[in-house]
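Subject: Structure handover

Hello,

Please find the structure below, with the sequence alongside. My notes on what was found follow it.

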Amino acid sequence: MNLRSLFALIFVSLSSLAAESEDSPVATRMKSIARDFKTLSGQISDTAQKDSSMELIAAIRKNITAAKTEKSGPASELSGTKLEEYQKQFTKGLGALEDRFGKLSDAVKAGESAKISALLGEINTLKKDYHKVLR
Ligand code: HEM
């Protein structure tokens, strides 16, 4: 093998490695949601940070809505009825998440702390249950 083909081989190997470790569009959304949700959970009971909490919820809702039209890593491995079934659950899970964050927005606006804790619990349950089947 000459030097030129050796370099070409190294380049191709590195590019395919990089492609494999790239996040799917859904994974990128999820990472952003996770970051915002962590910040939100730490400050949501602090009424002095209400405006910032409302902004975090708005950002999370935008990411959820956008994720609904995007593909996840596991989905790109599937086809036919398996893919259809997967996408059905995926849309259902994100729909439920959208609903809870909508309600959370109302509860934060109204300063209803019992409702806020209940909704945080429901969101964590949705995350756990859907990750079990979709990740
Ligand atoms: C606030 C609630 C949630 C948080 C904080 C969250 C966070 C995350 C995180 C951190 C990942 C890993 C991303 C990565 O590094 O690869 C992930 C992956 C994923 N989540 Fe969520 N998640 C939540 C709720 C949900 C719900 C309800 C669904 C239901 C549709 C869902 C579907 C997925 C899927 C399909 C993946 C895999 C993405 C991929 O590998 O392409 N998540 N989530």
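Predicted model: local features only at pLDDT ≥ 70, side-chain atom pairs only at ≥ 80, totals over all residues.

Overall make-up

The chain has five helices and zero strands, so the order of elements from the N terminus is α-α-α-α-α. Of its 135 residues, 18% count as buried. If we take the contacts between residues at least 6 apart in sequence, 67% of them join residues at least 24 apart.

Helix α4

α4 runs over residues 80–110. Does the length of this helix agree with or depart from what 1.5 Å a residue predicts? It agrees, because the 31 residues of α4 should span 45 Å and the end C-alpha atoms are 45 Å apart. After α4 comes G111, which has a positive phi, near 65°.

The buried residues of this helix are F90, G93, L94, L97, F101, L104, A107 and V108. Their cover includes α3 and α5.

- T91 is in helix α4. T91 counts as exposed because it has 12 C-beta neighbours inside 10 Å, and the cut-off for exposed is 12 or fewer. Its C-alpha atom is separated by 9.2 Å from that of A67, 24 residues apart along the chain.
- G95 also belongs to helix α4. With 11 C-beta neighbours inside 10 Å, G95 is therefore exposed. From G95 to I64 the C-alpha distance is 8.5 Å, and the two are 31 residues apart in sequence.
- A96 has its place in helix α4. A96 has 16 other C-beta atoms within 10 Å, so it is partly exposed.

Helix α2

α2 covers residues 25–43. The helix has 19 residues and reaches 28 Å from its first C-alpha to its last, close to the 27 Å expected at 1.5 Å a residue.

Which residues of α2 are buried? They are V26, R29, M30, I33, F37 and L40. These residues lie on the same side of α2, because they cover an arc of only 95° around the axis. The other side of α2 has the exposed residues K31, K38 and G42. What covers the buried residues of α2 includes α3.

A34 is found in helix α2 as well. A34 is partly exposed because 13 other C-beta atoms lie within 10 Å. Between A34 and I60 the C-alpha distance is 8.7 Å, although they are 26 residues apart in sequence.

In soluble globular proteins, nonpolar side chains tend to be buried together. Here the largest nonpolar core has 20 residues, and those that touch the most other members are I57, I60, I64, F101 and L104. The elements that give two or more residues to this core are α2, α3 (50–67), α4 and α5. Which of them gives the largest share? That is α4, with seven residues.

As one example, I64 touches I33, L94, L97, E98 and F101, if residues up to four places away in sequence are not counted. Of these, I33 is one of the buried residues of α2, while L94, L97 and F101 are among the buried residues of α4.

The ligand

There are 23 residues around the ligand, and S24, M30, G73, G93 and Y130 come nearest. M30 is also one of the buried residues of α2, and G93 is one of those of α4. The elements that each supply at least two residues of the shell are α2, α4 and α5 (113–134). Of the elements, α2 gives the most to the shell, with seven residues.

What classes of residue make up the shell around the ligand? By class, the shell has 14 nonpolar, five polar and four charged residues.

Regards

Terms used: Residues numbered from 1 in each chain as written. Near = placed C-beta within 6 Å. Helix = DSSP H or I, 4+ residues; strand = E, 2+ residues; numbered from the N terminus. Nonpolar A, V, L, I, M, F, W, Y, C, P; charged D, E, K, R; others polar. Core = buried A, V, L, I, M, F, W, Y, C linked by C-beta atoms within 7 Å. Contact = placed C-beta atoms within 7 Å. Expected span 1.5 Å × (residues − 1). Arc of directions from axis to C-beta.
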